[in-house]
Amino acid sequence: MNWKRFLSGLTASALIAALVGCGSNNAASPSGGNGSPGEGDYPKKPIELIVPYAAGGGTDAVARAFADSAKKVLPQPIGVVNKTGGGGAVGMSEGSKAKPDGYKVTLVTVEMTTLPPLGLAAFTPDDFKPVARLNADPAAITVRADAPWNTIEEFLDYAKQNPGKVRIGNSGTGAIWHLAATALEQKTGAKFNHIPYDGANPAVTALLGGHIEAVSVSPAEVTAQVQAGKLKMLGVMADERLPKFANVPTLKEKGVDLSIGTWRGLAVPKDTPDNVVAVLKEAAKKVTEDKAFTDVLDNMNLGVSYADDAAFKEAIQRDSELFTKLVADLGLKK
C-alpha cells in the first residue's frame, strides 16, 4: 500500500446534507430545501457505538474521543460498547446485522476488508453503508526495551536465522496487524510465530509481560510505553518517518518495500436511510474539526484523517481489492 497516496487521495468531497439546529443545543438533523426538519428528526434516543476490539487500544480511544466530542453536535449521547472476538469479526458482524435505523453504529476498521477474503467473517463490506473515516495509521514493529535487537535489521536477521522463535502479537487472526507482520515475512524471508489477541492493547500487555517478543501494532498503541522507556520501536511501515518518532526509520529506508496500516471510521447497516447517514456524516465532520477530539488523537499519535461517505466507500473498495489479492498471494484463506 502506498501510504502517502492512501491518505492524500481521500480528501473529503463536498457535503450534500444541510443541517439545522435542534432547539437550543445546536444538534444536527436533516433539513429540506425550505429549512424545515427532515424526515425522522434523528436521533431521538441514545446511539450505541460498537467497538469491535478491547478497551484501551487505538480503536477504542478513537471511539471514546468521538463519543465525547459528539455531545456538542448531537442532541443524544453516544454510548461506546466493546464487542470483542475474531479479530474484529464479532463486533462488525453484529453491527452489519443491526436494525438499520442509525441507533447502532459500528466503528469499522480496515479489518472490514481483510477478514472476508480470509474466510473469517460472515459479512462483507457491502453489508455496510459507510458514513465517514476518522483516522488512519501505519503499522510498526515494537519490542521490549531490554530486547537484544536495537535495529530492525538485527530483529529481522534473528527471525530469519531462528524461524518461528520470535512470537509477534497482533490484534486477532486476519486483523491488519497480523497481515502486516505476514507481509513483512513475505518481503524479507523472516518467519514469525503469530500470536492473536482481542485487540492491540492485550497484545501490548503481553509484550510488556514478556509473553511475546514483539508486536506489529500502530505507533499510537505503544506510545506511552515507548515514552516510559519500557518498549522501543524499531521501524514503521510508512512511506515517511512519523514526526513524533523522527528517530524511528521506515522499513523502506532499510530496503523493505512495505507500507501498510489501518483506518477507522463510522458505518451503519446497508439499508440505513440516507437522511440518517447525513446526520452522522455531518456530526463526524464537525467532530474531526473539534480541537478536543484532535488533541486526544494527537496526544496518542493517532492520525486524524476525515473522509466523507463517498470517499470512504472508495477507500474501502480499494482496500478490499488490495487485501483480497494479498490474502491470495500469501495463501492465507481458511
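Which residue in β4 is the bridge partner of Leu49? I looked it up, and Val80 is the one.

**Ground rules.** I'm working on a predicted model, where local features need pLDDT of at least 70 and side-chain atom pairs count only at pLDDT 80 or more, while totals for chains, interfaces and linings use all residues. My numbering runs from 1 along each chain as its sequence is written, and side-chain values use heavy atoms, with hydrogens and water left out.

**Sheet.** I take strands (E, at least two residues) and helices (H or I, at least four) as DSSP runs, numbered from the N terminus. Two strands pair if DSSP finds at least two bridges between them. I then traced the whole sheet, which is open, has 6 strands and mixed pairing, and reads β4-β3-β5-β12-β6-β13. At its edges I find β4 (78-82) and β13 (304-307), each pairing on one side only. Neighbouring strands are turned by 25 degrees against each other on average, direction ignored. For angles, I use lines fitted to C-alpha atoms (for helices over the stretch in contact), from 0 to 180 degrees between N-to-C directions.

**Helix on the sheet.** Next I checked α9 (residues 274-288), which packs on the sheet and touches β3, β5 (104-109), β6 (128-138), β12 (261-269) and β13. Contact here means heavy atoms within 4.5 Å. The direction of α9 makes about 20 degrees with that of β6.

**Salt bridges.** My rule is a side-chain nitrogen of Lys or Arg within 4 Å of a carboxyl oxygen of Asp or Glu. The count by this rule is 21. I looked at Lys72 and Asp290, whose side chains meet at 3.0 Å, N to O. Lys72 sits in the loop between α2 (58-70) and β4, and Asp290 in the loop between α9 and α10 (291-299), so this pair ties together parts 218 residues apart in sequence.

For exposure, I call a residue buried under 20% relative accessible area, exposed over 50% and partly exposed in between (1.4 Å probe, protein chains only). Lys72 is partly exposed at 46%, whereas Asp290 is buried at 16%.

Back to α9: its Lys281 forms a salt bridge with Asp309, the closest N and O atoms being 3.2 Å apart. Asp309 lies in α11 (residues 309-330), 28 residues away from Lys281.
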